[in-house]
Amino acid sequence: MFIAVISAALLILLKNPIHSIFSLLISIISSICVLLLIKVEFLSYVFLIVYVGAIAILFLFVIMMLNIKVSNDTLIDYSSWEFYLMFPVILKFIVSMKIVVESYNPDLDVIGQQLEVGIVYENDIDIFSNLLYTYYFFVFILSSIVLLVSMIGALIITTNKNLIK
Amino acid sequence: MHFFGQKNINHLGEYFESEPFDEFILDNGIESISFYYSNYDCLVIDEIPIKFYLFFSFSLFFLGILGIVFNRRSIINLMLCVELMLFGASLNFIFFSIFLSLPSGQIFALIIITIAAADSAVGLGILIAAFYLKRNISFEAFASLKG
């Protein structure tokens with residue numbers, strides 16, 4: 001958990017975008033380890049494949065293709081007013097975390113008991129296949145349509161003949 | 001709520017037989033209560049209270065917001081921060097689905113990573129098109145956008 005949070009902080013602090021991609025990878029892999037510890041097996045492997053295998057490689061490919069120069073201006077400009085905006089924002093973060101920690105609702109315990117908490121799934125893939133193809137079939141089809149539309153949109157945007165001259 | 005292929009394990013890792021579901025709500029099985037009130041006063045996943053998990057996912061989400069707000073460099077960093085925000089949100093879904101043992105939360109997490117993949121594909125396509133137009137992808141290059 002701490003490795004994930006620290007590397008996510010490094011993501012917004014590092015200058016080179018390739019370094020920030022690798023810190024995003026470290027953050028995602030360490031949180032996948034957290035997910036494996038609480039026995040979310042199927043989704044953790046899906047996260048590993050999608051984020052590490054697809055999204056991060058896509059970002060790396062685009063950065064290497066576009067050949068971006070590393071900009072010299074740092075993230076934090078100490079003379080700007082935006083830097084001083086950061087202190088109330090972080091204070092807001094602490095206060096809202098205090099609210100999250102203190103807003104412990106004992107009714108949730110009752111809900112958890114009624115829903116048979118304490119069950120450890122034997123096989124995640126059985127649960128997912130049984131739910132995804134029966135109750136949530138519309139969501140499944142909708143996500144496939146989203147992927148199809150995004151694929152066609154990315155192809156149309158990048159292979160426009162007017163752009164490439 | 002009955003799950004397929006379920007196995008009941010108490011906090012010591014021992015298998016116990018549970019009643020059929022219709023009687024289980026009436027009885028509110030003692031093993032599951034002792035699972036959740038073992039050492040702490042609140043709900044736990046693997047004997048870690050839920051607030052640590054919530055702190056974890058919310059801090060990832062918040063670092064994504066911070067990265068978007070204080071970004072001065074390029075759009076690639078902004079899109080990485082959007083990915084981080086989506087990942088934090090899906091982690092929150094997963095933790096609550098484990099915590100309430102409702103598998104629908106994990107299905108929503110699956111949808112969120114679908115959206116994230118579509119998002120990154122279209123965004124990087126737009127980025128490449130903008131790079132062919134302007135030869136630059138900093139924020140100053142997009143200052144000429146109308147609107």
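**View 1. Asp119(B) touches Val82(B), Glu83(B) and Leu86(B), leaving aside residues up to four places away in sequence.** Here, a contact means heavy atoms within 4.5 Å. This is a predicted model, where local features need pLDDT of at least 70 and side-chain atom pairs count only at pLDDT 80 or more, while totals for chains, interfaces and linings use all residues. Residues are numbered from 1 along each chain as its sequence is written, chains are lettered from A and ligands numbered from 1 in the order in which they are written, and side-chain values use heavy atoms, with hydrogens and water left out. You'll find Asp119(B) in helix α5 (residues 104-134) of chain B. Helices (H or I, at least four residues) and strands (E, at least two) are DSSP runs, numbered from the N terminus. How far apart are the C-alpha atoms of Asp119(B) and Glu83(B)? They are separated by 8.7 Å, although the two residues lie 36 residues apart along the chain. Asp119(B) is partly exposed, with a relative accessible area of 31%. On this scale, buried means under 20% relative accessible area, exposed means over 50%, and partly exposed is in between (1.4 Å probe, protein chains only).

**View 2. Leu91(B) is buried, at 0% relative accessibility.** This residue belongs to helix α4 (residues 75-99) of chain B. Which residues does Leu91(B) touch, not counting those up to four places away in sequence? They are Ser31(A) and Leu35(A) from chain A, plus Phe56(B), Ser57(B) and Leu60(B) from chain B. Phe131(B) is another story: its C-alpha is 33 Å from that of Leu91(B), and the two are 40 residues apart in sequence.

**View 3. Helix α3 (residues 50-69) of chain B has 20 residues.** From first C-alpha to last, α3(B) reaches 29 Å, close to the 28 Å expected at 1.5 Å a residue. That expected span is 1.5 Å times one less than the number of residues in the helix.

**View 4. A nonpolar patch sits on the surface of chain A.** Its members are Tyr133(A), Phe137(A), Phe138(A), Phe140(A), Ile141(A), Leu142(A), Ile145(A) and Val149(A), with about 820 Å² of accessible area together. Ile141(A) is found in helix α7 (residues 137-158) and is partly exposed, at 42% relative accessible area.

**View 5. Stepping back, chain B has 5 helices and 3 strands.** Along the sequence they run β-α-α-β-β-α-α-α. Buried residues make up 52% of its 147 residues. What about confidence? pLDDT is the predictor's confidence in each residue, from 0 to 100. Chain B averages 71, and 58% of the residues score at least 70. Over residues 19-41 of chain B the pLDDT is below 50, and this stretch has 35 contacts in the model beyond near neighbours in sequence.

**View 6. Chain A has 7 helices and 1 strand.** Its pattern along the sequence is α-α-α-α-α-β-α-α. Of the 165 residues in chain A, 36% are buried. For the complex, the predictor gives an ipTM of 0.71 and a pTM of 0.70.

Methods: Patch = residues over 30% accessible without salt bridge, like charges linked within 9 Å, V, L, I, M, F, W, Y side chains within 5 Å. Areas by Shrake-Rupley, 256 points an atom, 1.4 Å probe, with all protein chains shown as cover. Salt bridge = Lys/Arg side-chain N within 4 Å of Asp/Glu carboxyl O.
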